[in-house]
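Please examine the sequence and the three-dimensional model shown below before reading on.

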Amino acid sequence: KSKAPAEHDPWLVAVTSYPMSGRGCHRGRQFSEAELVSRSTTAVEGQFETEEEAVAQAKRVRQCTAEFEDWADEHFGTGPPPWDSVEGENFDNDSEVLIRVVRQSVLDAEKKADEALLQKAARTAAQKQQKKKQQKESALQRSGKVHYSFPGPPRGVDANAELEVLVDADLLAYAVPRGEKFDKQKHARAEPAQLAGCRSLMIR
């Protein structure tokens, strides 16, 4: 049997810019892994058939990158990548730059892993938000108090007043639930007895 042709897998120069926790404008803040991934960007600076060609291009990229100026040549010497500007210890930098030489397949695998991480983080955040919302709803029910959030449902939590009215230009009150657009043909007048007898009232 003849062998299937090998899949083309070139060498790449991958340049990643990422925020630095606790430095520059991020002082006092520690990013989670998901936050770090979502705030990082990776650019590909060329595709090459040999690793040697890619390393040569990576050196040219490093020489043109501000984060490596004045210190990187002496610090890294003739050593191969990866090269990370964090080693320059410029604590005023808001972000750092990582230069690597990797196979296309490696970068593709990293991208898939990052996407999975972000999806998991989004699900976890949504679950936490829903739990927090349910706790607030339970607390409001126990308190018996009227509460209106901004933004309103479905993001926020409301404990509606028994009667919600809108007062028009003629100072007439109409029963208009929050979120509904006032329509004189649709919404009924709130009569004085109805207003006087309700236990809680929201007027807008």
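The report that follows treats a helix, a pocket and a sheet in turn.

The model is predicted, so local features need pLDDT of at least 70 and side-chain atom pairs count only at pLDDT 80 or more, while totals for chains, interfaces and linings use all residues. Residues are numbered from 1 along each chain as its sequence is written, and side-chain values use heavy atoms, with hydrogens and water left out.

Helices (H or I, at least four residues) and strands (E, at least two) are DSSP runs, numbered from the N terminus. Helix H4 covers residues 104-143 and reaches 59 Å from its first C-alpha to its last; this is close to the 58 Å expected at 1.5 Å a residue, taken as 1.5 Å times one less than the number of residues. In H4, Leu-107, Lys-133 and Leu-140 are buried, that is, under 20% relative accessible area with a 1.4 Å probe, protein chains only. Just after H4, Gly-144 takes a positive phi of about 75°.

H4 also gives the most to the lining of the largest pocket, with eight residues. Lining residues have an atom within 4 Å of a pocket point. The pocket is lined by 18 residues, and Thr-16 and Asp-114 are among those nearest its centre.

Three strands form an open, mixed sheet in the order S6-S5-S7. Strands S6 and S7 stand at the edges, each with a single partner strand, so one side of each is left without a neighbour in the sheet. Strands pair if DSSP finds at least two bridges between them.

| Strand | Residues |
|---|---|
| S5 | 163-167 |
| S6 | 173-175 |
| S7 | 201-203 |

Three bridges join S5 to S6, which run antiparallel; Val-167 has Ala-173 in S6 as its bridge partner.

Terms used
Buried < 20%, exposed > 50% of the residue type's maximum accessible area, 1.4 Å probe, protein only. 1 Å grid on protein atoms, 1.4 Å probe; cavity = no way out; pocket = protein on both sides within 12 Å on 5 of 7 lines; lining within 4 Å.
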